Amino acid sequence: MMEAIKIGLEIHVAIPTKTKLFCSCNAYNEQEPNMSVCPICMGFPGSKPMLNAKALEIAKSVANALHSDIAKTISFERKVYFYPDLPKSFQITQLSNPISQGGFIELQSSKKIRIRRIQIEEDPAKILHEEDYSLIDFNRSGRPLLEIVTEPDIFNIDELKEFMNELKSILYYLGIDINTELKADVNVSNQGERVEVKNITGLKDMINAALFEIKRQEAARASGAIINKETRSYDGANMITVSMREKESDEEYGIIYEPDLGEYSIKNLPIIEPTYTNKIAKELAEKYSASEKLIIEQIMFDKNALQLINKFAGTYKINIVISAIEVLKRYNKTLDDEKFEALLIAISKNVLINSETINDIEQGKTIETSSEIDESLIDSAINSMLLENKQLLKDYVNNPKVFNFIIGQIAKKYNASPKYISTRLNILLPKFVAGK
Amino acid sequence: MNSIEEFYSLEKKSGYAESLFNDLSDINSRLNAFLNITRISGQNYPFSVKDNICVKNVETTANSKILKSYLPPFNATVVERMLSKNFDFIGKTNMDEFGFGTFGLNSERTPRNPFNEDYVAGGSSSGAAIATAVLKYHIAIAESTGGSISAPSAFCGVVGFTPTYGAVSRHGLIDYANSLDKIGLMSRSAKDIRYVFDIIKGPDNYDSTCIDIEKRKMQSDEGKGAKNTIFIINQINDLLDESVKSHFSGLVSKLENMGFAIKTIDFNLLDKAIPTYYIISMAEASTNLARYTGFKYGLKNNEFSKDYNSFFTESRSNFGTEAKRRIILGTFVRGASVKSKYYSKALKVRGLLIAKMKEILRQGFILSPTMPIMTPKIDDANSLTPVQNYGLDILTIPPNLSGFPHVSFPYDYDKGLPMGAQLISDHFEDYSLLDFVENWENSFKYQFKYNLGSI
């Protein structure tokens, strides 16, 4: 069956190197405009690009993680166009010998979204458009970018979201945070020609742009219009795409080989091993008979969580470990192994964890594991609540959801774990119901 | 003793530097060797720099209006290395705009031949060759893309040495065609060139195509060419002027008498060298010249109210005619619809040319006249069509296109004008060329009309 909707992506992420792709300027100097510049990234006459090996290493690691065929030797091309943000009036990018070709990301359904190619290129400068003038900041000029191009294998928005989440997680574990530096071109065809939506920033806009395009093309077809090959841009404020130009043919960049860089062998560059969190979550869930979903939520974008689970899940129940990780996140804490273990013990023994106890743990104080005080406090709260509201008990008999109301009230009042209250309530409530 | 050692061994009279400056300025107003002359102390050996090589805070324009008053913020590596050895920078030499020319005539200040001012000095490193021919103690840092060192060296009667591609760092060289550009030297003797080449060659952190030729020579089995065998390519016969032919056959006999084995060989691809060279060099040049848009350096366009396209177009109208021609042709040959017919094909032919020449150079040198014609008068050269003009590069283009080291040396004089021959060797065999010319200089004395700065 022909798929109605086909989505393909060209994703640009910044490669986190200290220096720029072709010079030794600081790549992420955000302080003062035009302070992190030199003759190379400003394109001054006589300057030549010098390739940053660290950027190659990271790009190679991404290619490896996406099962892409890594090239033995790579080379670069000049893509020529005139725009004030491009100091040399050409961008050094890759065409014929990119870092890698092929590859895939596997979704939960085992469907593989194929990768077409992965390449590195330099970022242009940043243009700040003011009302009647524009400013150029060359700090960004020459930052290393990674471009990941997929085949049009994404058939709906859910797949788009899952693909992007998975990609983000893989990149995150390789040290690339794409929350801040994600730019994409999204190609959407809905039973017609391919429409390219260019220069979208961020995942949310990617999804919105794809959604809009699917609906727009659907509506256009319904009204009898023909969808032509076209380039559009995304207007984030109004959440719509706007036509830039109808494509008769591909754009003319007059691309030639970059003679200043020659060919590089990347065979011997080291790689960072990939981490596939969905695979790991599945294995952990099976091993400890826990919820895969619960695990993946913890570890997808949290290396620390994964480390803690790997270290403590055998000794402690995985749910306890996850609860402890949630505590760390809730109170924004990091604990060394010894203190984390104290937290695990506290949770195992039903100690009420609030900002006070977590601070005690952080400071290495012994936690009173005889948690009578807390227990009695919660117990008496439950008791008094039930005594004062006879109606609640009546309601409970007819409607067990009342249970949640009680938990909510007490949890709020005493800043206590709903799980714990629920355990106590389970013990106390039958007595009341019985003694009514 | 080379002339550098000689210079330091001699006692300079007081006022030496002053009179050198005055004499040079005076002669420069007629010959146009220099675009600017720097006063030097007279204590150190002077070197000149072709205007497409950056000297920190000295106007460097590649002789183009579009870079007018550009002061580079850094020294080219070659300049840095010369200064570190206490050579004194004496000035920027005249050239065809961006290196685009065979005769030096794409310059607003016409360079003239020091042996006869009605004749061309050759290009594009015109000023470097003139300066070498008029100054007794001096070495010129020049640059060749397709013959820009050989051609003017031949017409001005000096030794012009173009090293293996990559032997000298291009950092600070204003690009014409990056895969072809080579910094080289001009001097009055091979000994001087050897001395300075030792200083400027070798890897550089600012040019990733720069290599260590000695290391490469040891690593590979390349450059084992027989040192006493010289090949003459059969196909050049039909290209030479009658009088070039007769002078050149005199040279061949002399070399035979000196003990060289002279052999003839076919090189059928020779006629493909010119289109291949011009396609690749113009394609690269058109991308290199894209950066000159009139708002970061050089000639500034202050019409900021214009839209980008009009702004760029207006700024870029300041290129000279030949630069414009090469931008247009270069942009055409890399266009998506014709790229496979021109640019990509030229890259393939270049590969074939390199392989074929290498086959020959493994067995010996290749020798030819440097130019197929006698030195033309300026007026005659000016009336050539671009295609006729490009055709005259037929003998200098093959080694340039293939990155083989080559040297042009004076071997005869005709009506007072010098004639040059060009010797090519295998990659990394740069020093065999200098050995050869040193040997030649033992039996042939170069003539000069001027010897400014004699002590």
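Predicted model: local features only at pLDDT ≥ 70, side-chain atom pairs only at ≥ 80, totals over all residues.

Residues are numbered from 1 along each chain as its sequence is written, chains are lettered from A and ligands numbered from 1 in the order in which they are written, and side-chain values use heavy atoms, with hydrogens and water left out.

**Exercise 1. Salt bridges**

Solution. 
1. A salt bridge is defined as a side-chain nitrogen of Lys or Arg within 4 Å of a carboxyl oxygen of Asp or Glu.
2. Helices (H or I, at least four residues) and strands (E, at least two) are DSSP runs, numbered from the N terminus.
3. Burial is judged by relative accessible area: buried is under 20%, exposed over 50%, and partly exposed in between (1.4 Å probe, protein chains only).
4. Elsewhere, salt bridges with shared partners join Lys48(A), Arg78(A), Glu258(A), Asp260(A), Arg170(B), Asp175(B) and Asp207(B) into one network. Over all chains, the structure holds 42 salt bridges.

**Exercise 2. An enclosed strand**

Explain why strand β11 of chain A counts as largely enclosed, and identify its pairing.

Solution. 
1. Strand β11 (residues 144–150) of chain A has 7 of its 7 residues buried, so the rest of the structure largely encloses it.
2. In a regular strand, side chains alternate between the two faces of the sheet. Here Pro144(A), Leu146(A), Ile148(A) and Thr150(A) point one way, and Leu145(A), Glu147(A) and Val149(A) the other way.
3. Two strands pair if DSSP finds at least two bridges between them. Strand β1 (residues 5–14) of chain A pairs with β11(A) in the antiparallel sense over 5 bridges, and Ile11(A) stands opposite Ile148(A).
4. Strand β8 (residues 112–122) of chain A is antiparallel to β11(A) and joined to it by 7 bridges; Glu122(A) stands opposite Pro144(A).

**Exercise 3. A helix pair**

Classify the packing of α6(A) and α7(A) by direction.

Solution. 
1. The axes of helix α6 (residues 303–312) and helix α7 (residues 318–331) of chain A come within 10 Å and cross at roughly 150°. Axes are lines fitted to C-alpha atoms, for helices over the stretch in contact, and angles run from 0 to 180 degrees between N-to-C directions.
2. The two helices are therefore roughly antiparallel (angles over 145 degrees).
3. Ala305(A), Leu308(A), Ile309(A) and Phe312(A) in α6(A) meet Ile318(A), Val321(A), Ile322(A), Ile325(A) and Leu328(A) in α7(A), contact being heavy atoms within 4.5 Å.

**Exercise 4. A sheet and a helix**

State the strand order of the open sheet of 3 strands in chain A and name its edges.

Solution. 
1. The order is β5-β4-β16, with antiparallel pairing.
2. The edge strands are β5 (90–93) and β16 (256–257), each pairing on one side only.
3. Strand β4 (residues 77–80) is joined to β5(A) by 4 bridges, and Lys79(A) has Gln91(A) as its bridge partner.
4. Helix α9 (residues 273–288) of chain B packs on this sheet, touching β4, β5 and β16 of chain A, and its direction makes about 60° with that of β4(A).

Terms used
Parallel < 35°, antiparallel > 145°, perpendicular 65-115°, else oblique.
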